[in-house]
Amino acid sequence: EEQTVEQDNHEAIAHLTKGIAVLTTLGDTPERGQQELVFQVTLGVSLVAVKGYGAPEVAEVYTRARALCQQVGETPQLFQVIRGLVLFYLVRSQTQPALELAEQLVSQVDRHTEVGPRMLGHYHLGMALFQRGVPVEAARHFEQAMSIYDREQHRHLAHTYGIDLGVATRGFLAWPLWLLGYPDRALALGQEAVTLAKELGHPFSLVFAEC
């Protein structure tokens with residue numbers, strides 16, 4: 001099954017790359033820009049699956065997609081594009097651009113009512129702040145994301161975002177709390193993350209929690 005998924009991603013990359021090449025030969029219209037944006041965002045997902053968030057190709061795709069978002073205007077793809085860039089910079093320990101983009105992410109999603117993006121925005125901002133060495137503020141954003149989470153309502157988001165946000169926020173919140181002098185609470189959160197991941201039966205979330 002893993003080989004099939006990897007093969008599917010390689011095929012998707014090949015087709016999307018060809019599709020984008022064809023689109024570049026067309027006139028520069030809003031419709032063409034919107035279509036390329038869809039292709040670029042989809043290509044980013046497959047590239048991440050094959051090469052990881054820190055690959056230069058991932059940055060190229062999401063940077064181009066961000067430029068297209070600015071051309072197209074208000075578009076639902078912007079959240080996913082900024083998130084992709086945040087993770088690219090975090091994985092490469094480029095914390096300043098990661099922080100700036102994560103702040104944009106939170107500013108964007110706080111204007112909307114969708115719960116998933118709001119949780120994810122605060123979670124990523126917490127990650128950026130933690131890597132920047134600001135544990136108090138990092139903990140605040142992890143706690144904000146965790147306070148929104150409802151296991152029954154939001155468990156399906158693990159398949160949308162790749163990880164259960166209840167598990168992820170508990171796992172990351174444990175780190176700044178430990179550094180701030182609350183080891184008992186940090187350990188309890190880590191144990192909660194493992195228990196929740198086992199109950200949800202989401203393999204990647206469980207691996208994350210165990211780490």
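The chain exposes about 11,200 Å² of surface, and carbon and sulfur atoms supply 54% of that area. The model is a predicted one. Turning from the surface to the interior, 46% of the 211 residues in the chain count as buried.

The secondary structure is made up of twelve helices and zero strands. Read from the N terminus, the order of elements is therefore α-α-α-α-α-α-α-α-α-α-α-α, and the radius of gyration of the chain is 18 Å, close to the 17 Å that the globule rule gives for 211 residues, so the chain is as compact as a globular protein of that length. Along its principal axes, the C-alpha trace spans about 60 × 40 × 30 Å.

Contacts within the chain can be sorted by how far apart the partners lie in sequence. Taking the contacts between residues at least 6 apart, 57% join residues that are at least 24 apart.

One local feature of the surface concerns nonpolar side chains. V136, L180 and Y182 together make a nonpolar surface patch of about 290 Å². Of these residues, V136 belongs to helix 7, which covers residues 135-148. Is V136 buried or exposed? V136 has a relative accessible area of 53%, and because exposed means over 50%, V136 counts as exposed.

Note on methods: Residues numbered from 1 in each chain as written. Predicted model: local features only at pLDDT ≥ 70, side-chain atom pairs only at ≥ 80, totals over all residues. Heavy atoms only, no water. Patch = residues over 30% accessible without salt bridge, like charges linked within 9 Å, V, L, I, M, F, W, Y side chains within 5 Å. Areas by Shrake-Rupley, 256 points an atom, 1.4 Å probe, with all protein chains shown as cover. Salt bridge = Lys/Arg side-chain N within 4 Å of Asp/Glu carboxyl O. Helix = DSSP H or I, 4+ residues; strand = E, 2+ residues; numbered from the N terminus. Buried < 20%, exposed > 50% of the residue type's maximum accessible area, 1.4 Å probe, protein only. Rg over C-alpha atoms; globule rule 2.2 N^0.38 Å. Contact = heavy atoms within 4.5 Å.
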